[in-house]
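Please open the structure in the viewer and keep the sequence beside it.

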Amino acid sequence: MKIQIINGPNLNFLGKREPEIYGYKTLDIINNELEIYGKNYEIELEFFQSNHEGEIIDKIQEIYNKVDYLIINPGALTHYGIGIRDAILSTDIKTIEVHLSNVYSREKFRHKSVISDICIGKITGFGLEGYKMALQYLGNLDK
């Protein structure tokens, strides 16, 4: 199984950015831990991060027919990234939305996601474990 993980704006600043909310692990550390975790389920992972919606859209189009699933944390683009929504719809890649923080315990504008309704699931508030939950779910689908 091959899964693309995409992280959106400001997630490259994990470990520095609001560690009381997002923790002290950098994106590289998170990706390394996920790579190891994915091997338990014989999952091949690809990682991508961008602060630009167009680059994320390009990546989603690039992986069309090349991956089995997409796990995405769109960051701030969650709330207004219609282009990302359209890219997911047009490629028909089964997607899980993940957020490190509990978006529902934060500012009201963070409660709205423009992609949740087209995803097979949404995991929010569990930090790194949220990505692992998504991998575990997908890894167990074929068993």
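Which residues does I3 touch, not counting residues up to four places away in sequence? The model on display is a predicted one. Select I3 and display its surroundings: the residues in contact are I43, E44, L45, E46, Y69, I71, L135 and L138.

**The nonpolar cores**

Next, select I3, L34, I71 and L135 together. These are the residues with the most contacts inside the largest nonpolar core, which has 23 residues. Colour the chain by element to see where this core comes from: β1, α2 (27-39), β3 (69-73), β4 and α5 each supply at least two of its residues. The helix α5 gives the most, with five residues. In general, nonpolar side chains tend to be buried together in soluble globular proteins.

**The salt bridges**

The tour turns to charged side chains. Side chains of opposite charge can pair when their charged atoms come close. The model contains nine salt bridges, and several are visited here.

Select K2 and E44. They form a salt bridge in which the closest N and O atoms are 3.9 Å apart. K2 belongs to strand β1 (residues 2-7) and E44 to strand β2 (residues 44-49), so that the pair links distant parts of the chain, 42 residues apart. Both ends are partly exposed: K2 has a relative accessible area of 25%, and E44 has 42% relative accessibility.

Move to D117 and R85, whose side chains meet in a salt bridge at 2.6 Å, N to O. Because D117 lies in the loop between β4 (95-99) and β5 (121-124) while R85 lies in helix α4 (residues 82-91), the pair ties together parts that are 32 residues apart in sequence. D117 is exposed, with a relative accessible area of 57%.

Then select K132 and E129. Their salt bridge has its closest N and O atoms 3.6 Å apart. Both residues lie in helix α5 (residues 128-140), three residues apart, which is about one turn of the helix. Is K132 buried or exposed? With a relative accessible area of 15%, K132 is buried, because buried means under 20%. E129 is partly exposed, at 40%.

For the last stop, select R106, E107 and R110. These three residues are linked in a network of salt bridges.

Terms used: Residues are numbered from 1 along each chain as its sequence is written. This is a predicted model: local features need pLDDT of at least 70, side-chain atom pairs count only at pLDDT 80 or more; totals for chains, interfaces and linings use all residues. Side-chain values use heavy atoms; hydrogens and water are left out. A salt bridge is a side-chain nitrogen of Lys or Arg within 4 Å of a carboxyl oxygen of Asp or Glu. Helices (H or I, at least four residues) and strands (E, at least two) are DSSP runs, numbered from the N terminus. Buried means under 20% relative accessible area, exposed over 50%, partly exposed in between (1.4 Å probe, protein chains only). A nonpolar core is a set of buried Ala, Val, Leu, Ile, Met, Phe, Trp, Tyr and Cys residues joined through side-chain atoms within 4.5 Å. Contact means heavy atoms within 4.5 Å.
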